[in-house]
Every structure is written in structure tokens, then in C-alpha cells.
Amino acid sequence: MSFDNLILEKGMYAIPGKSFSEVLEELDPSANYAGTEYEGLDAFGRQLKRFDIKVSGVGSDTISKFFSATQSAALFPEYVSRAVKQGAKEADLLPSIIAATTHINSLDYRTIASVPSEDEKKLKRVEEGAFIPETTVKTKENLVKLHKRGRTLVASYEALKYQKIDLFSVTLKQIGAYIARQQFADAVEVLESGDGNNNAAKIINAAELGKLSYNDMLSLFNQLYPYSLNRLVMSPATMLKVMNLDEFKNPLSGINFQGTGNPGTPLGAKLLRSNAVKDGKIIGLDAGCALEKVVASDVSVDYDKLIDRQLERAVITTTVGFAKIFDEASAVLKI
């Protein structure tokens, strides 16, 4: 079936476990367009092309273009969702600290854990016919706490219909950025306080209250062994204290900072700046072992209202939670 013969309707948003774009791709696979002028476009992009809707650039259309036909109106909620996701992606620090992402189809999720004893961590030599040591993996006692985050889009269709789509995208991207920052704050809370399974991060106190030293940073580095300290998360004010340590002012770190915008550290860890961490605290972690992201619902929009041009109170939400994987893969330095 050619993309310009597809019948678009709001029921395509209501298929469990599938997004509108995924439904479109099943009906109109992108692989069928290899070597054609539509190569590089996904199924949604081909639908925009079909109805001649330009969502960006100098020739960006107005929002009313989505509603010029009954079927093209069905594309509007997906456009909103994509713009919000793009804004979230641009502002999202989560990929820097997430070891695994799990998508679920319910609001109840119990993650797994393996907490070996010191003796079990040692891979002893096994003689022929002898018992091979075990590693026990079991589900955690408490469920992962999922949080619904979002915004309500308050506007009338009359107020928006003559606005350029790319301008409206700026507002939608900002909504996505708000969601991403709040999710990062949720992740930081789990890293520091635990996920409800009695696994709060180990606290290391600075040698001198209120003053940060390089030895304090080394204590944090040493605390994570045998895990790697490859991420340091802190507030902007605390980052200034870290960057002003003499050991962090070496020429190579300066060259890296000036060339990439990413401050280097003598510990080899990437610095992440966020107001989600309180001043006077530095969270150190092994990004490959510390945290699991659990997604119950990706960006969801009130598709009925958006298609029917009832934008007065259209809700945009996402439901996400976080769980610790290895409890000892993160620690907190308190200044």
C-alpha cells in the first residue's frame, strides 16, 4: 500500500503497546522506499509530505495546515509528541547516568538485584568435580516507584491556528525540557536516597566541614572500588568549588574544556551540573552499573482533544521510575 493511500484516524493512537509512528511504519514500511526520493523519511515524515505540511524552516506552515483535511488532523498529536521528545532529548542528562532502560506495560514493576558477599565476589579456582560458586539474582522486596510528570497545554485553537508550526515547536520543546529535568531530579533522588529497598548511597564526609579538598575527591574515588568513578553530579555552585581545586586546573583539562565545553577531571570522570543536587553534595557513580530507568509510558498526549481542536486543556505526560542496580556503584561526598 502506498503512503498516500493510507487512511489515518484517531484509533491509531489507541493500539496498546504501540505509538502512532510504529503503527504507521507497520502499514507503510520505510524499507520499501530504498532508492527513491522518499528514502531517509520515516512513515510520519512521508505523511507530512503527502499533505504538504512543512514543520520547520523559512517555509514553515501555520498550525491550521494540520486541520485542512480530516486525515491530516490525525498527524497533529504525533507532531506534538515528537516536538516534546526532541526538547526532552536536547535537555536530557539521563543518558549519561543510566545503565539500562526497561519498558513495561503496567504500573507495577519489581526489579532484580544481585548482592554478593565479599567471599562470593572472589572467583576462586574450581577443581574438577568440585562445586562451582553461585551468584544469586532475585527480585527486590519493594516495587519501583513510578512518577507521572507532565504539563497541561492551555491554548485555544483560534489563538494558535495562524501561528507558525516551528514557533509552536519552541514551546513544545520547552515542555519536554521541563519533563527531562524533573526526571533527572527523580533519578538523583534514587541515587542518593535509594529506591525504597534500604539501599541509600554511602555518605562520605569531607575532612573539613564546608571545605572541599582533592583528598576528599580521592576518598570518593576510592569508595566506589571495584566500580569505576566515571560520573560526578553536582550543583553549579559546587562545581565551581571543584573546578577551583588546583588539581583540576592542569593544562590538559583546560584544553579539553576550551575545545569541547566539557570540563575534564584528573579522576577521569565526566562532570554533570544540575540543580537537582543540593549545594555541598557530590554524587559519584559508575554509569554502567548504578541505575535502571523504568518507562511505563513514553510521552503521551490527549490525542482526542488535539485532533478535535480542543486545545484548551490538552495534557502531555510521561510515567517513569528509577531503580538501583548495584547499590555500591554510587556514593555521596558531603562537603
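1. Basis. This is a predicted model: local features need pLDDT of at least 70, side-chain atom pairs count only at pLDDT 80 or more, and totals for chains, interfaces and linings use all residues. Residues are numbered from 1 along each chain as its sequence is written, and side-chain values use heavy atoms, with hydrogens and water left out.

2. Overall fold. The protein chain has 9 helices and 11 strands. Helices (H or I, at least four residues) and strands (E, at least two) are DSSP runs, numbered from the N terminus. Of its 335 residues, 42% are buried. Buried means under 20% relative accessible area, exposed over 50%, and partly exposed in between (1.4 Å probe, protein chains only).

3. Contacts and surface. Take the contacts in the protein chain with a separation of 6 or more: 78% of them join residues 24 or more positions apart. A contact means heavy atoms within 4.5 Å. The accessible surface is about 18,300 Å², and carbon and sulfur atoms hold 50% of that. Areas come from the Shrake-Rupley method with a 1.4 Å probe; for residues, only the protein chains shown count as cover.

4. Helix 2. This helix spans residues 43-50 and is mostly covered, with 6 of its 8 residues buried. Those six are Ala43, Phe44, Gly45, Arg46, Gln47 and Leu48. Their cover includes helix 1 (20-27) and helix 3 (76-91). Aspartate 52 follows helix 2 and has a positive phi, near 55°.

5. Aromatic pairs. The count is 14 aromatic pairs. Rings of Phe, Tyr and Trp (its six-membered ring) pair if their centres lie within 6.5 Å; planes under 30 degrees apart count as stacked, over 60 as edge-to-face and the rest as tilted. Tyrosine 227 and phenylalanine 326 make a tilted pair, because their planes stand at 35°, with ring centres 6.0 Å apart. Tyrosine 227 is in the loop between helix 6 (214-223) and strand 6 (231-234), and phenylalanine 326 in the loop between strand 10 (314-324) and strand 11 (330-334), so the pair ties together parts 99 residues apart in sequence. Phenylalanine 326 is partly exposed, at 30% relative accessibility. Elsewhere, Phe66, Phe67, Phe76, Tyr79, Tyr157 and Phe168 form one aromatic cluster.

6. Largest pocket. It holds about 710 Å³ of space. On a 1 Å grid over the protein atoms alone, a pocket is an open set of points where a 1.4 Å probe fits, with protein on both sides within 12 Å along at least five of seven lines; lining residues have an atom within 4 Å of a point. The lining has 26 residues, and Lys18, Ser19, Ser297, Asp298 and Val299 are the closest to the pocket centre. Helix 1, helix 3 and strand 9 (291-301) each give two or more residues to the lining. Strand 9 gives the most, with 7.

7. Two exposed loop residues. Glycine 268 sits in the loop between helix 8 (251-260) and strand 7 (270-273). Its relative accessible area is 61%, so glycine 268 is exposed. The C-alpha atoms of glycine 268 and serine 228 are 9.5 Å apart, at 40 residues along the chain. Threonine 70 lies in the loop between helix 2 and helix 3. Threonine 70 is also exposed, at 73% relative accessibility.

Methods:
Grid points are joined across faces, edges and corners, and a volume is the space filled by probe spheres set on the points.
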